[in-house]
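Have the viewer open as you read.

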Amino acid sequence: MDSSRLKVLAGQHLYEPWKGSLSGLISHLGAVQLDAIQVISRAHHHQLFNRVAHYQESQLADAEAKREIFEYWSHAAAYLPMTSYPYARVRMDRIREGQRHWFEKNAKLCRYVLDRIRAEGQLKASDFVKAKGGWWQWSDEKKALEQLFHEGELMVSHRDGFQKVFDLPERILPSDTVTERASDLDYGCYLVRTFLRCQAFGRVEEIAYLRPGDKTLVKDAVAAMRKSGEVIEQNGELMLHCAESVPPKKAPRQVRLLSPFDPLILQRKRLNRLFDFQYQLECYLPAPKRRFGYFALPILYGDKLVGVVDLKADRPNNQLLVKALHWQKKPGSGLLGSFNKALADFARFHGIKEVVFV
């Protein structure tokens, strides 16, 4: 087995279940990405299912209700540990100071929705106007809510279905939360430390992935951490000094079906260079251009990515549909047996009775 892959898998806790709290796992990973696609289940639950023994979806809601985690923006929409709030403030302040997110700010409408929430308590977009549909059809009020959310003037208390329920930060943040914005150096060190802790090693461009404007902060942080001895470089890869002597554990020959938004999968170039595996989520492509399927999941076996499987939950018939299956090379009996078990476990977690190949 490849020792570099083993180090990454160990940091990812894909084979050795996380034994601490759910918020502790999210802190270790840095963030757990949300996604609105629900071909099978929400992406965040899928990621946690692969890392927490006997995971139940209610655990995430409980951690949010206890204010151990909160929803904001990391590299994308994500759940973050409450301890990361000072680092989230960096982006909040940038947006508040004029950095554009998705659309121009309507200051008057922002004041209106903020005043209503201040006076009435928790509200969601549909409490202002009837929702129009997808993100490209957002109402002006929803845009104002999202603007205030990205500025940090509002937070998400929880979700009703998949609708965000907004409230004032002072009514959500625990009293002991550090609310002061982190310095640029502290923020850069946080990004470096978090990435290297859960990914074992990496490069500056990988640490700054999908973080426009942060590459210089990451470079400065790396320089400071190398000077202090916290970070070292070996064969062109950065790693935490404390992890240098930790031997990687052998990955068991078990199958894990990975979310397209899993931290292991997220960076396609890194995935290709470390695992020699090319992957693209094809749900955003026109049907004629898809090679593997609408929602094909990478198949991890031992320390290798061995194929993809296109799955869909057919809830009315209580079936998990295997719409397509593509192997990198012909699978042996051990891989097939582990794959079928993983499919059955995956279906059971989602409350689905039967796996059907179509």
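What follows goes from the overall fold to a few individual residues.

## Ground rules

This is a predicted model, so local features need pLDDT of at least 70, side-chain atom pairs count only at pLDDT 80 or more, and totals for chains, interfaces and linings use all residues. Residues are numbered from 1 along each chain as its sequence is written, and side-chain values use heavy atoms, with hydrogens and water left out.

## The whole protein

The protein has 12 helices and 12 strands. Here helices (H or I, at least four residues) and strands (E, at least two) are DSSP runs, numbered from the N terminus. A compact globule with 358 residues would have a radius of gyration near 21 Å, and the protein agrees, with 21 Å. That radius is taken over C-alpha atoms, and the globule rule is 2.2 Å times the number of residues to the power 0.38. The C-alpha trace spans about 65 × 60 × 40 Å along its principal axes.

Of the 358 residues, 54% are buried; buried means under 20% relative accessible area, exposed over 50%, and partly exposed in between (1.4 Å probe, protein chains only). Look at contacts between residues at least 6 apart in sequence, and 63% of them join residues at least 24 apart, where contact means heavy atoms within 4.5 Å.

## Helix H1 and its neighbours

Start with H1, residues 3-12. Its buried residues are Arg5, Leu6, Val8, Leu9, Gly11 and Gln12. They pack against helices H2 (22-29), H8 (184-199) and H11 (268-275), along with strands E9 (296-301) and E10 (304-314). Just after H1 comes His13, with a positive phi of about 55°.

Asp167 sits in strand E5, residues 163-167, and is buried at a relative accessible area of 5%. Which side chain makes a polar contact with the side chain of Asp167? That's Arg171, at 2.8 Å. (A polar contact is a pair of N or O atoms within 3.5 Å; within protein, one must be able to donate a hydrogen and the other to accept it, and residues adjacent in sequence count only if both atoms are side-chain atoms.) Leaving aside neighbours within four places in sequence, Asp167 also touches Ile117, Gly121, Gln122, Leu154, Met155 and Ile172.

Glu237 belongs to strand E7, residues 237-240, and counts as buried at 10% relative accessibility. The side chain of Glu237 makes a polar contact with that of Arg273 at 2.7 Å. Not counting residues up to four places away in sequence, Glu237 is in contact with Phe201, Gly202, Arg203, Ile232 and Arg273.

## A proline in E3

Pro81 is in strand E3, residues 77-81, and is buried with a relative accessible area of 4%. Pro81 and Gly30 are 51 residues apart in sequence, yet their C-alpha atoms are 7.6 Å apart. Beyond four places in sequence, the residues that Pro81 touches include Ser23, Ile26, Ser27 and Phe70.

## Positive phi in loops

Most residues other than glycine have a negative phi. Ala200 has a positive one, near 75°, and lies in the loop between H8 and helix H9 (204-207). Asn235 also has a positive phi, about 50°, although it is not a glycine; its place is in the loop between strand E6 (231-234) and E7.

Are these two residues buried or exposed? Ala200 counts as buried, at 14% relative accessibility, whereas Asn235 counts as exposed, at 79%.
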